[in-house]
Structure formats: structure tokens, C-alpha cells
Amino acid sequence: MAINTQDNPLKGKNCVLTFEVKDKAFAKDAKVTFSYIPDREIVKQNNFCTFVQNIQSKDCVETFANQVIEQFYNEALPFYTKLELKIKHPNTGEVQYLKVVKKQPNYKIPEEIRDLI
């Protein structure tokens, strides 16, 4: 599924956009937190939520996370992306955390937004 993007109204300004999606594909309690520093285009939250819920590889947490970040990165071309996934497995009570980061080559996160991500 393609992600609908639009021109970044904040182009030229440093900002971090963050989305949070509750997803029941892996377990009763799964939360995806996704942050990115946009370049030329942004993605609206409802488009991102639909995109995450339509990802097909829900059988493996690592595959799911990589697919989300890779496809988002390739379509929206942000400076920086970070996906954090927290899953509480109902049968074992185990909590699993996963973090995946991808950024443009040679991109340095500006000091004023370093604490926001």
C-alpha cells in the first residue's frame, strides 16, 4: 500500500512529527510509536495509521518493523525516521521492545531537536 504524502508546510524549519498507533495484530497490547524529521513531504496521521494497519507481514515483529520503516522512508523520503514497537504478549505477559532507526546518509540531527526524538 502506498503512503499518501503532501508538501511539507514546515519546509526549512526543524521539526519532529510523531504518530502513535495501537495495533492488535501481534497481541492484545501492541503500540507503534513512529517519529520522523520530514524533508520535502509529510504524511498525515490518518494515512500513517491506515498504512500500518495494512502491512501484511504481521507474523514476525522484526519483519513488520523493517517493512514499516523501509516503505515509509522510501515513499516519504524524510531526513530521519524512528520506529518503536512495544508488545505485551497475552499468554506469557512478556513485554517485547523493538527500535529501528533509518536516516539519510550524512544527516546530522540539529541540536535543538535532538531531545525531541
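At 46% relative accessibility, leucine 77 is partly exposed, a class that lies between buried (under 20% relative accessible area) and exposed (over 50%), with a 1.4 Å probe and protein chains only. The model is predicted, so local features need pLDDT of at least 70 and side-chain atom pairs count only at pLDDT 80 or more, whereas totals for chains, interfaces and linings use all residues. Residues are numbered from 1 along each chain as its sequence is written, and side-chain values use heavy atoms, with hydrogens and water left out.

Leucine 77 sits in the loop between α2 (61-76) and β5 (80-88), where helices (H or I, at least four residues) and strands (E, at least two) are DSSP runs numbered from the N terminus. Its phi is near 50 degrees, a positive value in a residue other than glycine. Asparagine 106, in the loop between β6 (95-103) and α3 (111-114), likewise has a positive phi, near 65 degrees, and is exposed at 75%.

The structure holds 9 aromatic pairs, one of them formed by phenylalanine 34 and tyrosine 36, which is tilted at 6.3 Å centre to centre and 45 degrees between the planes. Rings of Phe, Tyr and Trp (its six-membered ring) pair if their centres lie within 6.5 Å, with planes under 30 degrees apart stacked, over 60 edge-to-face and the rest tilted. Phenylalanine 34 is buried at 0%, and tyrosine 36 is buried at 0%. Ring pairs link Phe19, Phe34, Tyr36, Phe48, Phe51 and Phe72 into a cluster.

Aspartate 29, in strand β3 (residues 29-37), is partly exposed at 43%. Leaving aside neighbours within four places in sequence, aspartate 29 is in contact with Lys86, Ile87 and Lys88, contact being heavy atoms within 4.5 Å.
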